[in-house]
Amino acid sequence: MGEVIRKSVKPLQVNPHKLSQPMGATLAFLGVDCCMPLMHGGQGCASFTKVYFTRHFSEPIALQTTAVTDVTAILDGGDYSIVESIKNIHSKVSPKLIGLHTTGLPETKGDDIRGVARQIDCPLVYVNTPDYEGGLESGWALTAKALIDQLVEPRSEINAGKVVLVPHVSMQPIEVEKLKDLIASFGFTVVAVPDLSTSLDGHLGEKQASLSSGGVQVAELKQLADAAYVVTVGHSVKGVAAILQKKNPAIRHQHFNHVSGLVGTDALVGWLLEVSGRDLPGAVVERWRKRLQDAMLDSHFALGQTRFLVVGEPDHLVALSASLSEAGGTVALAVATVDSPVLNEIVAEKIIVGDLEDAEKMSDTYELIIGNCHTEALAHRYGKKTVMRGFPNWEQVGNPLKNDILYEGGAYFLFEIANIASQMHEEQQQRIAAQMKQSA
Amino acid sequence: MSAKPKIKDLLDESACEHNKTKKATCNTPTPGATTGGCAIDGAQIALFPFADAAHLVHGPMTCLGGSWETRLTGTSWTGRDLTQMGFTTDININDVVFSGEERLAEAIAYIVSNYSPQAVFVYSTCVTALIGDDLDLVCKQASAQHGIPCVPVHAPGFVGGKNLGSRLAGEAVLRHLVGTLEPEETTPFDINLIGDHNVTGDMWQYKPLLDELGIRVLSTLSGDGRISQIRTAHRARLNVIVCAKALVSLTRKMHEQYGIPWISCSFYGKRDTSNGIMAIAEALGDAALIERTRQLIAREEARLEERLVPYRQVFAGKKAVLNTGGNKAWSIASALQDLGIEVVATSVRKSTEDDKVKAREYLGEKGVLMTTPATQQAKIIDETGADLLLAGGRSLYTAIKKRIAFTDVNQEKKKSYGAYNGLLTLAEDLKNSLQNPVFALVGRKAPWEK
């Protein structure tokens, strides 16, 4: 593994790709069926977040705000803003859950949301997510913990065929679906927490939803503690398992930092074979594994000649760099949004916690960029190519259906990258030829 | 005395016509029933098109993380386009406890030495306003140290909505920039364009016409703007507010301080564009200019009419429901009417009192001014047999359900519909929308459905 630089020497972020904890919490609550995420703070935080996810998923996003004003910021401990919000939400819609999460403002003034939540007589989960701490991953993970801690009923018995899956925040809806399907193909019943695979997967619903539609149901959440296994994917959500195990110490925990590429997917399938007691996975799984191996060979030439910049959340970077490096790609630089112990696992020459300005300063070390749509300007400036991944991607449609994981997604991912890399190398050749003609 | 603008004064704008009867224009948000951006959002919208200035958000990550690079604001500035960049102090828990002023001062110094902007706008946010970071002091010291204007923008989100934020941005510009530099030369036809942000290049649709007439745009706030020009804005002969009324406080105060008169106009659609250009010429009061303008309008309108002929047939008898915000409630309605489309309803939910009066004017007695469009629009489509819904993305389902054409006038807009040429673009897009089979197809029943 390469050199890891964790501490920025800058007093600011220039062209940040980092996102806030409250945004991560919103997204997690959107993975619960008929939920109304309620962001406690100034109205702008919710407005920015709503527009942001609307544009990324091309879907209506359910989200409300407690709309704290300068007056309530000083006088109210949250009691008025929150209670009034819940009253107003219920006057229009009937959510099965309110997902109350904080921002910087109420955390600075010290609102006691736990105390307020106790006064409220409707299903509600609260979580503290100040946006001057952590980031998207931690907001998502804290919310997953809160959902389990506050809703799951303790159990002592175990249902041997039940698996709870906790995905990290950067997995797109289709990836969660594919992962659920794979685990289910070994005979398990799978409940994902949170579950974006049915709520933000880009399907055309019956009507314009004012609440989240799809996702894990509140009733299912309550009944999670009889699962035989809790599977966490992504370092950021590793700690969620312990919260579930408190509800039933008999639950066993299996963790994967990622399930991308051949080795990463093999690890998951190997574990599934072991715990299901089967000798073979389904025929489709076998077939896709062979296709991935073939894809690695087909794409290795283009990938092996290419130096990459990847930017994103730490868990996403681990997954992407594993896929690329398995087919010979060199990740010259990985820029993470926030610090994480998992940065040590990223296969890259250099790993930094930083912003897109840091990436820009090292633009001579890489050729092809994999990152969110903010990297497009960077690419234009330096004549590089981009492959859009991560949040946000406002420039393209189809984000919920981008699948990079397991054998199948891994194969398509390598093809996509290799094709763009080849095109890029060809254009580089043409540029050189044009220059030679000019000077001749 | 504090250098911060008084929010109360800004809410009570004497130049608003409705103010004789009603005091506050900006509604207090309702907890749990609020949509729309906050003051810092509005302030950024107002100032962001200054591509030669750095825009530094002093606060935690949400404020900038979810908002930079969201707007397509064209610039002709040849230096690095700073509107394509995001700067934030991204304060942490330490700053919340021990103050973020030192970090802020260092951040400004970093930006100045690395990007050499013509000015730095420093936006306060809820958290840094609450912990009491002294933006005025830090900016004053930074201005002295770096020799460029560092402008504190006191528009933390919790003080109100976007409209108020735009006003607060105007206050900051008036207090710290306007009148700080003399223009190299002045002409009798110098104007300031206020409130057009050149989104999708709207301003570039009509500015060439002003150039042709010899009307010089001395400065803009802030479409395709330059800091050096807005500093000279006090020497203009006329302030022209384009569409939005949010910056009316600024123009009123410029009238009081510098004696600059102001007019308000829109450049959407044929009628409004012609009226707008003529209003500017008349306000400048030069007979020869007015005559030139009359000729130019006649020429442009004739050219436009000729090119609109093929569309007229497509739009004949077509009815539209319009659900959008603010001034667009009437400005786009006017453009649609110019194309021969009947506008049967428009939403005035987010409009100011002035906007509502204008909307009634354009739609006539029969037109519906929707106050709760979400529940009203489906019913109105049924009642009127409307063929087209123009709205934000959230209303897409209404169109699918009613199997009528849909045009997104909020998020998806990447082309300019401004002025004469923009009207042609709008016509083409609407024609494509009306003829697109997708709305009927996605509403089609599956083979297994009865």
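This is a predicted model: local features need pLDDT of at least 70, side-chain atom pairs count only at pLDDT 80 or more; totals for chains, interfaces and linings use all residues.
Figure 1. Residues are numbered from 1 along each chain as its sequence is written, chains are lettered from A and ligands numbered from 1 in the order in which they are written, and side-chain values use heavy atoms, with hydrogens and water left out. For B:C126, the closest cysteine sulfur is that of A:C45, and the distance of 5.9 Å is too far for a bond. B:C150 is in no disulfide either, as the nearest cysteine sulfur, in B:C139, is 5.9 Å away. B:C126 is buried, with a relative accessible area of 10%, and B:C150 is buried with 4%; buried means under 20% relative accessible area (1.4 Å probe, protein chains only).

**Figure 2. The open sheet of chain B.** Four strands of chain B form an open sheet in the order β6-β5-β7-β8, with parallel pairing. Strands (E, at least two residues) and helices (H or I, at least four) are DSSP runs, numbered from the N terminus, and two strands pair if DSSP finds at least two bridges between them. β6 and β8 (262–265) of chain B stand at the edges with a single partner strand each, so one side of each has no neighbour in the sheet.

**Figure 3. Strand β5 of chain B and its partners.** Strand β5 (residues 190–194) of chain B runs parallel to β6(B), and 5 bridges join them. One of the pairs is B:I191 with B:V217 in β6(B). Strand β6 (residues 216–221) of chain B is largely enclosed by the rest of the structure, because 5 of its 6 residues are buried. β5(B) is also joined by 4 bridges to strand β7 (residues 238–242) of chain B, again parallel, and B:L193 has B:V240 as its bridge partner in β7(B).

**Figure 4. The interface of chains A and B.** In chain A, 62 residues are in contact (heavy atoms within 4.5 Å) with 60 residues of chain B. The two chains bury about 5,000 Å² between them, 60% of it on carbon and sulfur atoms. Buried area is the accessible area (1.4 Å probe) that two parts lose on being put together, summed over both. A:P11, A:Q43 and A:F48 lose the most area in chain A to chain B, together 15% of what that side buries.

Terms used. A disulfide is a pair of cysteine sulfur atoms within 2.5 Å. Buried means under 20% relative accessible area, exposed over 50%, partly exposed in between (1.4 Å probe, protein chains only).
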